[in-house]
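Hello,

Here is the structure I promised to pass on to you. Have a look at it first, and then read on for what turned up.

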Amino acid sequence: MTVTIYVPSDSGALALGADKVAKAVSKEISDRGLDARIVRNGSRGLYWLEPMVEVETEGGRVAYGPVSSKDVPGLFEAGFLSGHARVKRLGNPEEIPFLARQTRLTFARVGITDPLSLEDYEAHGGLAGLRNAVAMTPANIVAQVTDSGLRGRGGAGFPTGIKWKTVLDTASDRKYIVCNADEGDSATFADRMIMEGDPFVLIEGMVIAGIATGATKGFVYIRSEYPHAVATMEKAVEIARKASLLGVNVLGSPNAFDIEIRVGAGAYVCGEETSLLNSLEGKRGIVRAKPPLPAIQGLFGKPTVINNVISLASVPIIMDRGATFYKDFGMGRSRGTIPIQIAGNVKHGGLFEAAFGMTLGEIVEEIGGGTATGRPVKAVQVGGPLGAYFPPSLFDTPFDYEAFAAKDGLIGHAGITVFDDSADMLKQARFAMEFCAIESCGKCTPCRIGSTRGVETIDKIAQNIEPQKNLALVTDLCNTMKFGSLCALGGFTPYPVMSAINHFPEDFRPAATAVAAE
Ligand SMILES: Cc1cc2nc3c(=O)[nH]c(=O)nc-3n(C[C@H](O)[C@H](O)[C@H](O)COP(=O)(O)O)c2cc1C
Ligand code: SF4
């Protein structure tokens with residue numbers, strides 16, 4: 001019987017040498033004349049163990065990691081193909097606590113299937129949601145998505161069903177589905193993992209969105225820094241067209257839907273939905289004033305659904321298992337699961353999909369294992385560059401949109417960056433302002449001018465120039481940016497800045513401390 005060996009082709013695994021490992025495995029197979037094949041799967045998301053190689057044995061899958069190409073001959077010598085080699089043996093991957101504790105709904109297939117095999121996709125539950133959808137009315141599909149409680153995973157947490165309903169209810173000769181795969185937030189990689197590890201789930205989600213709203217064309221806007229995701233998505237779209245998953249008669253139904261892949265040019269603000277639309281239209285990536293909402297006048301002036309990759313990729317399981325199944329996970333108004341991305345100075349960095357409701361402390365200390373340096377955690381930034389810094393005293397905050405908002409924070413795209421006690425929070429606050437100054441689209445004054453003044457003022461505090469007056473000035477500036485900016489780039493930059501000032505005041509009086517010590 002042919003033995004299957006899984007070597008991830010995910011960018012994270014590639015960066016850690018997965019291609020070299022695959023080559024070494026292939027060499028051993030041919031040198032030893034073995035009956036084995038290699039499948040390049042997605043990553044399971046346990047990045048500290050990548051490249052994580054798995055062998056399909058009679059007793060199930062056995063994982064090894066992190067494997068280097070140099071380990072490969074020894075592994076084969078020691079009975080790797082039957083799962084007996086002991087070096088770097090992790091055992092059944094599903095039993096590794098980091099994976100065992102997860103609830104994988106959106107990421108159910110990632111790391112398990114061959115990302116570009118539609119047969120494998122179907123064999124593992126793929127297309128069941130779409131098959132249900134084609135037998136339903138658009139209004140019923142929208143109702144399912146609304147009832148599931150799914151909220152946008154791109155950052156704002158807006159209810160997906162309500163957005164879809166607006167597009168469905170807006171009459172037009174042409175409508176669009178735009179998938180936001182710009183994934184600009186620091187510490188985030190969930191969108192990339194889906195596109196590289198299970199591209200058909202995104203395609204399926206987009207097709208369902210099209211049928212639900214009457215849109216016949218979809219675009220996936222992918223950041224240019226993701227060449228592997230772009231390549232995988234392009235191949236997957238091609239395969240989907242050949243299999244009539246895309247085209248004039250989706251799965252033999254009267255519905256038409258096709259997808260085009262577009263590559264961004266590298267601006268953080270192009271992840272903001274209206275900026276993204278301008279970029280897609282070939283214009284400069286500058287934010288549009290709302291109204292009109294994109295759902296009414298979006299791409300090329302037509303009604304448009306803009307959703308994040310994870311929002312769309314979560315739809316197939318909802319349409320397959322039903323709204324109630326999905327809604328049963330989570331807490332409060334945060335329903336279902338969320339792929340949490342753990343990064344920064346952390347021992348076990350990776351992707352952890354869980355129902356909403358775990359506390360931040362559980363995620364950082366138990367799942368993430370604390371800092372990689374072994375020093376105490378000083379702060380964690382949740383929600384990318386516009387997210388607040390939380391100290392350990394807020395670790396009892398549950399992962400829930402409202403709970404985070406109540407503590408002046410945000411979940412955003414669920415990226416978590418961990419910092420140990422060597423972090424200087426004044427520098428982090430300055431970084432937030434500088435980031436905003438560099439990435440600002442320039443359309444409104446509070447963001448364009450405010451962020452530059454913010455950097456200058458924080459620099460003055462660092463130099464002990466009238467620190468109290470300048471701290472008051474930064475606070476004032478943050479209020480102006482928060483309430484006067486046109487979009488969340490200028491509007492949310494105050495979150496990292498003010499959380500750093502409020503939770504770590506000692507870092508904002510370095511010179512004062514020096515004076516006191518004199
Ligand atoms: C500056 C800025 C950057 C953003 N970047 C992204 C991004 O990279 N990906 C994303 O999905 N949403 C991003 N958003 C949020 C989008 O504007 C929008 O809310 C989202 O695409 C809607 O999809 P959802 O409802 O599925 O979350 C960004 C917003 C702002 C203000
Ligand atoms: S807040 Fe900044 S990025 Fe947003 S519209 Fe204003 S200038 Fe542009």
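Two strands count as paired if DSSP finds at least two bridges between them. On that basis, strand E1 (residues 3-6) pairs with E2 in the parallel sense, over 4 bridges. Please keep in mind that this is a predicted model.

Within that pairing, Ile-5 stands opposite Ile-38 in E2. Both strands belong to an open sheet of 5 strands with mixed pairing, in the order E2-E1-E3-E4-E5. Its edges are strand E2 (36-39) and strand E5 (89-91), each of which pairs on one side only. From one strand to the next, the twist averages 25 degrees. Helix H2 (residues 18-31) lies across E1, E2 and strand E3 (53-57), and runs at about 170 degrees to E2.

There is also an open sheet of 4 strands with parallel pairing, ordered E8-E7-E6-E9. Here strand E8 (258-263) and strand E9 (304-308) are the edge strands, and neighbouring strands are turned by 20 degrees against each other on average, direction ignored. Strand E7 (residues 217-222) pairs with E8 in the parallel sense over 6 bridges, and Phe-219 has Glu-260 in E8 as its bridge partner. Helix H11 (residues 227-242) packs on this sheet, touching E7 and E8, with its direction at about 165 degrees to that of E8.

Now to the ligand site, which may interest you. Ligand 2 takes up the space of the largest cavity. Around ligand 2 there are 13 residues, of which Cys-441, Lys-443, Cys-444, Cys-447 and Cys-487 come nearest. By class, that shell has 8 nonpolar, 4 polar and 1 charged residues.

Best wishes

Terms used:
Residues numbered from 1 in each chain as written. Chains lettered and ligands numbered in written order. Predicted model: local features only at pLDDT ≥ 70, side-chain atom pairs only at ≥ 80, totals over all residues. Heavy atoms only, no water. Helix = DSSP H or I, 4+ residues; strand = E, 2+ residues; numbered from the N terminus. Axes fitted to C-alpha atoms, helices over the stretch in contact; angles between N-to-C directions. Contact = heavy atoms within 4.5 Å. Near = heavy atom within 4 Å. 1 Å grid on protein atoms, 1.4 Å probe; cavity = no way out; pocket = protein on both sides within 12 Å on 5 of 7 lines; lining within 4 Å. Sits in = over half its atoms within 2 Å of the grid points. Nonpolar A, V, L, I, M, F, W, Y, C, P; charged D, E, K, R; others polar.
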